[in-house]
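Reader: I'm new to reading protein models. Could you walk me through this one?

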Amino acid sequence: MIEQTHRCIFCGNITIDGIQLRGRLICSECEQELINTQVDEPAYQSYKQGIKAIWKEAITLDSRLNE
Ligand SMILES: [Zn+2]
């Protein structure tokens, strides 16, 4: 089994653990922070924007593949 390392798109840490979206990785630390961040905290907005950007990209790729 080949262990692939990835760089977290939020904190830049290299990790093998985390959520992967289309090859983009969010490390477990950032995942926890995202989950634990309250909606009214400024940090939440930047996390949300990051997720949204990836999501948008993933959806775009999907629609291209389905054509
Ligand atoms: Zn991270």
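Reader: In what order do the elements run from the N terminus on?

Author: Helices (H or I, at least four residues) and strands (E, at least two) are DSSP runs, numbered from the N terminus. The protein has 2 helices and 4 strands. Starting at the N terminus, the order is β-β-β-β-α-α.

Reader: What kind of model is it, and how are residues numbered?

Author: It's a predicted model, where local features need pLDDT of at least 70, side-chain atom pairs count only at pLDDT 80 or more, and totals for chains, interfaces and linings use all residues. Residues are numbered along each chain as its sequence is written, starting from 1.

Reader: Which residue in β4 is the bridge partner of Gln 20?

Author: Strands β3 (residues 18-21) and β4 (residues 24-27) run antiparallel and are joined by 4 bridges. Two strands pair if DSSP finds at least two bridges between them. In β4, Gln 20 has as its bridge partner Leu 25.

Reader: Which residue takes a positive phi in the hairpin of β3 and β4?

Author: This hairpin has 2 residues between the strands. The positive phi, near 55 degrees, belongs to Arg 22.

Reader: Is Ile 59 buried or exposed?

Author: Ile 59 sits in helix α2 (residues 42-65). A residue is buried if 20 or more other C-beta atoms (placed from the backbone) lie within 10 Å of its own, exposed if 12 or fewer, and partly exposed in between. Ile 59 has 11 other C-beta atoms within 10 Å, so it counts as exposed.

Reader: What separates the C-alpha atoms of Ile 59 and Arg 22?

Author: Along the chain, Ile 59 and Arg 22 are 37 residues apart.
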